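Hi,

Here is the structure I promised to pass on. Have a look when you get a moment, and my notes follow below.

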Amino acid sequence: MSFLSGIEDKTSSVMNSKNINQLFSIDHSNIWHPFTQEKLNPTKFIVKSAKNDILSVVDERGNQRELIDAISSWWVNIHGHCNKYINDRIKEQLDTLEHVIFAGFSHEPAIELIDKLRRILPRVDMTNLHETAPSLNRAFFSDNGSTAVEVAIKMAIQYWHNQGRENKKRIIALKDSYHGDTVGAMSSSGSGYHTQAFKSLLFPVDFVSSPAPKLGKRDKNLSAEEYDKFVELETQKAADQTIAEIEKLLQIHPNKYACIIVEPLVQAAGGMKFYSKEFLQKLRKLTRENKVLFIADEVFTGFGRTGDDFACKEAVIVPDIICLSKGLTGGYMPMSLTFCNDEIYSVFYDDSKLKAFFHGHSYTGNPLACAAANASYDLYVKEKRLDDVKFINQKMHLTLNIPEIKLHPLVRNLRILGGIAAIEFETARETSYFDGLGQLLHEKFLERGILLRPLGNTLYFLPPYTISISSLEHCLSSLKEVINELDYDI
Ligand SMILES: Cc1ncc(COP(=O)(O)O)c(C=O)c1O
């Protein structure tokens with residue numbers, strides 16, 4: 001299968017100025033890549049260009065190849081690569097205003113963006129129907145998902161501090177969660193391999209069990225329907241357990257908690273674990289009754305990934321604070337937003353300078369990133385991206401949600417939600433990020449021209465919403481093929 005058509009070789013002059021060996025040599029000697037043990041996994045490819053779902057890459061031997069970006073470049077890309085409309089809007093902005101201080105000054109791209117986005121944020125809360133939920137009207141810009149979370153947490157803490165409630169400063173978070181790599185985001189993430197070395201830096205957070213079920217080995221005597229029922233019951237049990245743990249904490253320490261932070265519906269980096277809307281609804285009610293702020297980290301789920309604009313919209317709840325990044329700029333520029341409701345903002349709006357929110361970054365509200373986000377929003381609405389997600393979802397169901405896959409001896413659990421498909425494999429070991437199966441699967445898919453990056457023994461597929469039908473079909477049929485090729489002693 002060839003994916004070559006339509007890709008212009010725009011960067012060959014750059015590539016030719018240094019030969020490929022030199023480029024790899026500099027990369028291997030001087031660049032430190034994220035989340036990578038370079039000794040075991042040095043850079044394999046240099047990306048020359050990209051169009052829609054296709055990356056045009058060169059390997060160390062100088063061979064050109066094409067790879068389907070089946071993980072949306074770490075979950076950020078929603079309209080495909082090098083989209084002409086977004087490119088043009090950024091180019092226009094570049095000749096107008098590239099960047100400017102954002103304190104005391106503002107600019108049109110930022111104002112336009114916030115005016116558009118606040119209209120699509122969650123507005124209806126089924127847990128509070130007798131009152132209008134306070135709208136998420138106030139936006140704070142930062143640079144990435146982690147800083148959006150830092151901002152949210154600091155906002156929540158200072159919200160209580162500004163009201164003289166200095167003791168209301170403790171945070172509740174979920175086990176198996178991931179909120180980023182800055183210290184506050186790490187502190188609120190479930191402990192694991194990525195926070196081990198930094199334990200001494202982390203501030204105390206009260207963790208409760210994940211509301212997503214931990215599924216042991218699949219009982220092979222169950223039919224596909226019986227197993228689905230089992231998962232449903234386990235999901236409910238896990239949610240009830242988590243709610244009970246939170247209730248207990250709030251009962252023991254009624255005045256201690258500032259906020260609770262969750263990744264709504266999907267614990268993404270924690271293994272693409274799904275949990276129920278009902279859990280979010282119960283939690284929303286509980287936080288409101290106990291005056292604890294509800295922070296929704298929608299860095300991953302925002303902009304259609306779970307099938308609605310936001311996971312909170314799908315659960316019909318309105319959080320107090322919502323964090324957005326990744327899909328915000330369509331995957332073009334690093335930028336994030338933390339929206340809060342008017343009530344929270346009112347506690348900072350004061351004659352006292354000491355009540356101002358003490359946070360900011362040099363590149364806050366970067367106009368180029370805002371232009372990308374405005375263009376991404378336009379496409380998202382005009383081209384009805386949620387319909388694209390629906391189409392991908394249907395294709396995933398048709399190809400994967402079948403007894404051949406679900407009852408395959410090596411498959412523990414298949415999960416599909418919105419534009420996400422995840423397959424948790426049975427291994428002799430506990431489910432783990434470091435499971436060697438991940439690397440094996442990664443390589444098997446590379447052989448088929450597909451970039452996937454499993455989380456240990458959980459393989460997930462989440463392509464840009466504009467993935468071509470041929471690429472989508474190739475990915476789905478390869479998933480089936482690879483599952484059937486795996487050895488039984490993985
Ligand atoms: C839910 C969630 N929050 C926060 C982050 C951190 O975002 P970033 O990598 O942009 O700092 C991630 C990254 O994957 C995420 O999935």
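In this predicted model, an N or O atom in the side chain of Asp297 lies 2.7 Å from a nitrogen atom of the ligand. The ligand taken alone exposes 390 Å², of which the protein buries 84%.

The shell around the ligand is made up of 4 nonpolar, 5 polar and 3 charged residues. Among them are Trp75, Tyr178, His179, Glu263 and Phe300.

Two of those names come up again in the aromatic pairs, of which the structure holds 12. The ring centres of Trp75 and Phe300 are 4.8 Å apart with planes at 70°, over the 60 degrees needed, so this pair is edge-to-face. Trp75 belongs to helix H3, while Phe300 sits in the loop between strand S10 and helix H10, 225 residues apart. Both are buried, Trp75 at 9% relative accessible area and Phe300 at 7%. Together with Tyr460 they form one aromatic cluster.

A second pair to look at is Phe102 with Phe141: centres 5.4 Å apart and planes at 85°, so edge-to-face.

Finally, the charged end of Arg138 sits over the ring of Tyr345, 3.6 Å from its centre, and that of Arg218 over the ring of Tyr227, at 5.9 Å.

Best wishes

Terms used: Residues numbered from 1 in each chain as written. Predicted model: local features only at pLDDT ≥ 70, side-chain atom pairs only at ≥ 80, totals over all residues. Heavy atoms only, no water. Near = heavy atom within 4 Å. Polar contact = N/O pair within 3.5 Å; in protein donor to acceptor, adjacent residues only side chain to side chain. Areas by Shrake-Rupley, 256 points an atom, 1.4 Å probe, with all protein chains shown as cover. Nonpolar A, V, L, I, M, F, W, Y, C, P; charged D, E, K, R; others polar. Phe/Tyr/Trp six-rings, centres within 6.5 Å; stacked < 30°, edge-to-face > 60°. Helix = DSSP H or I, 4+ residues; strand = E, 2+ residues; numbered from the N terminus. Buried < 20%, exposed > 50% of the residue type's maximum accessible area, 1.4 Å probe, protein only. Lys NZ or Arg CZ within 6 Å of the ring centre and 35° of its normal.
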